[in-house]
Amino acid sequence: MLGWILGVIAVFLVFGFFRMPIIWWTLAGGLMAVYLSVIAGFDTLGNTLLGVLFVIFSAVLNISSLRRKIISNRVLAIYRRILPDMSQTEKEAIDAGTVWWDGDLFSGKPDWDKLLATPAPHLSAEEQAFLDGPVEELCAMCDDWEITHERYDLPPRVWQFIKDKGFLGMIIPRKFGGMGFSALAHSAVVTKLSSRSNAAAVTVMVPNSLGPAELLLHYGTDAQKNHYLPRLAKGLEIPCFALTSPEAGSDAASIPDYGVVCKGVWQGKETLGMRVTWDKRYITLGPVASLLGLAFRLYDPENLLSSKTDLGITCALVPTSTPGVNIGRRHLPLNGVFQNGPNSGKEVFMPIDWIIGGPEYAGKGWMMLMNCLAAGRSISLPASSVGGAQALARATGAYARVRQQFRTPIGKLEGVEEALGRIAANTYMMEATRVMTAGAVDAGEKPSVISAIAKYHMTERARQCVNDSMDIHGGKGICLGPNNWVGRGYQVLPVGITVEGANILTRTLIIFGQGAIRCHPYVLREMRAAKEMNGEAAAIEFDDAFTSHIGHAIANGVRAFVHGVTSSRLAHVPREGAPETLHYYRFTSRLSAAFAFLADVSMMAMGGALKRKEKISGRLGDVLSMMYLVSAMLKHYEDQGRIREDLPLIRWAARDAFYHAQQAIDQVLSNFPIKSLATLLRWTIFPLGTPFRPPLDSRNQECARLVLEPGAARDRLTASVFVSKSEKDATGVLEAAFLATVACEPLDKKLRDAVRSGKLETRPGVDTAAVAHQLGILNSEELQKWQRKEALRKNVIKVDDFPQDFGRAEILQKLSSETVKAKAA
Ligand SMILES: Cc1cc2nc3c(=O)[nH]c(=O)nc-3n(C[C@H](O)[C@H](O)[C@H](O)COP(=O)(O)OP(=O)(O)OC[C@H]3O[C@@H](n4cnc5c(N)ncnc54)[C@H](O)[C@@H]3O)c2cc1C
């Protein structure tokens, strides 16, 4: 009997692990029944009963019409009762975009070979030339203190350069006069600009993200495209897009702004149009925009356009010169001085063909926005976060080497090293995610869930980087001024956290909430069968999806358990993966099975209530996200040609991600509403206890060393950063001081040895190096080198001070004389 029980368990594990079809389970069940009958010595009655039971079970499992009648139709009825109704806007949000690698991670068995087979994203020669030319030039033109303190705006010469060089039309195809850049190139431009000036980066980023150009490209009429796209590409129009209003922020679909279809007089002629009333805020580029993309709810009470009265959210393009448009006032978003402000209008009449896509697209605005959101969200904030993180990694490493306390470069003090190593590893992971995600967009994906993962985790990691960097810089980071390269980034970082879906909502509502429906192989099919289909067709579709779903859940539960007891040794890895990273593929495959199983059981246990249990769904989203971030790093490592020098970064970041994922699962289980189920889940997912530990201190040290040393690894990690060559520039002088500090370390040692041996004395107010030169300890060349390093070091550690008015009077005088000159010219 013990053998029989062990046999049943073994068959269950093997069949579950390989997800065998139902017929195999039936055959195995038959054999088990025969064997049971023999070893138990059943009499005729017992054998007959066993046989009847077997026939009933196998018939129900294998004959779909019977299965539907007895099982799936009943489940379908329950499903229909408990499944909450979805609003049209929710449906459009769920349907938008595509599923890519997130689908694999949700499957419980990611196909690594497929991921590694996707071509490595790369820039064309022309895109690279643009980065090396105009982008580099634009960065050099930007003096962040001048922008953020003196002008509260980009200088006119910078605005002009941006327009003239086509920065505002990177996503517009060449046939309309734009640059026709790939998503990767667009992302690379924003990354580099963000390493230099937030205002310049946002100014360039917004017109290339979700807004008039993107909407026109996908939905515009030919007339709209031909008129606006060339003008947008050349910077003759400054666009903005206004969705948010005081009453509707995160819940953007509830905008109270409205338009009423009516007839009116336009340019002297009676015209079918709309009277639109709106009150928007936070609109980027709004204060200087000439073309306002506007979202509002359109009503047609007189049925002039269609038989419906409430047409729904509609997007229109409104020239800001239109009478009644109030625009121009500014917000001040944490001293990020990119143009941002409110705008409004009351019963402004506009022709019906201002609707993007024309009258047929009235009421389709939400669908348009949701479909276009993924591309922009995959690029803008991930890129700006990477630009910031890379700049921080480079500058913080340099500063931590130049700045000494306790006669040691602060970067070599363990406490500082911990923060520095974290910056380096996070930066690597972020760059890998940026490139892989932009690459997916270039491959035709509109990855809605992945874009939310990238947006959330990259802005959060940028926040971690800037916090770490601020701590390392101490007072130097706090006192603002032209010599502070970190303070403005710290100030402005929450903007990225808030926009394009505020982070709390993105984490707790979107990543898992949308993922569970879109990326799950069966849930959407089940929902559609339950809510959108009827009769026999619904029953057949639901039965197929539901039985596959059960098989999927059993397989993932078994896999999670087997990976747990075998330390992931049987987990799927790619055929061609680098041997030194294979265990990370294994661990991710194990997590994928555990996550998929946990997600299914959570949905089963909590049903529609899971949507409101944001603490649970947020943590489930974290597990999915960690797997995505690790996948991106593994792919990046392969795409970059397996550079072993970068391995410490992967090792730290991967371990950190696994540990976080494990904590998230642990917390889901600790807070699971059905305790007995939670215990069962814990035994299945962590049969031998929790396997992952936080990254080792030694790895953290290796990561910190990469940014404390000049060289290829540091340059690779910060490859997108603009590096100023001018020693008049704060970051330029930091770079020079860093190199000089490293070059002078042998001289420092010479001086220290001389002091220790009594050959040289240090006294306050006496130039030790000059004395060392007189004593022949340093030669003239060495003295010069050392003195230059000292001059640079002093320059780096100085902080700015100001007159009482922070120089405002002088600045205003300079700006007004500039205006006078410009007017005269
Ligand atoms: C600098 C800046 C630039 C912007 N640019 C533009 C622009 O160009 N065009 C435009 O249309 N809009 C723009 N926005 C608006 C931006 O998209 C909104 O700020 C954002 O959608 C959040 O809305 P809110 O600020 O009103 O916050 P709220 O909606 O009030 O949210 C407050 C908090 O509640 C959380 N929250 C809300 N709902 C949920 C939920 N269901 N579950 C969990 N948490 C939730 C949010 O995550 C947030 O943390 C900009 C905003 C800023 C600050």
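**A tour of the aromatic rings and nonpolar cores**

Select Phe130, Phe161, Phe167 and Phe181: together they form one aromatic cluster. The model is predicted, so local features need pLDDT of at least 70 and side-chain atom pairs count only at pLDDT 80 or more, while totals for chains, interfaces and linings use all residues. Residues are numbered from 1 along each chain as its sequence is written, and side-chain values use heavy atoms, with hydrogens and water left out.

The structure holds 22 aromatic pairs (rings of Phe, Tyr and Trp, the last by its six-membered ring, with centres within 6.5 Å; planes under 30 degrees apart are stacked, over 60 edge-to-face, the rest tilted). Now keep Phe130 and Phe167: their ring centres are 5.0 Å apart and their planes stand at 50°, so this pair is tilted. It links distant parts of the chain, 37 residues apart. Phe130 is in helix H8 (residues 125-141), and Phe167 is in the loop between helix H10 (156-164) and helix H11 (183-194) (helices are DSSP runs of H or I, at least four residues, numbered from the N terminus). Phe130 is buried at 7% relative accessible area, and Phe167 is buried at 0% (buried is under 20%, with a 1.4 Å probe and protein chains only).

Next, select Trp101, Leu624 and Tyr628, the residues with the most contacts inside the largest nonpolar core, which has 127 residues (a set of buried Ala, Val, Leu, Ile, Met, Phe, Trp, Tyr and Cys joined through side-chain atoms within 4.5 Å). Another core, of 60 residues, lies apart from it and includes Trp354 and Val495.

Methods:
Helix = DSSP H or I, 4+ residues; strand = E, 2+ residues; numbered from the N terminus. Buried < 20%, exposed > 50% of the residue type's maximum accessible area, 1.4 Å probe, protein only.
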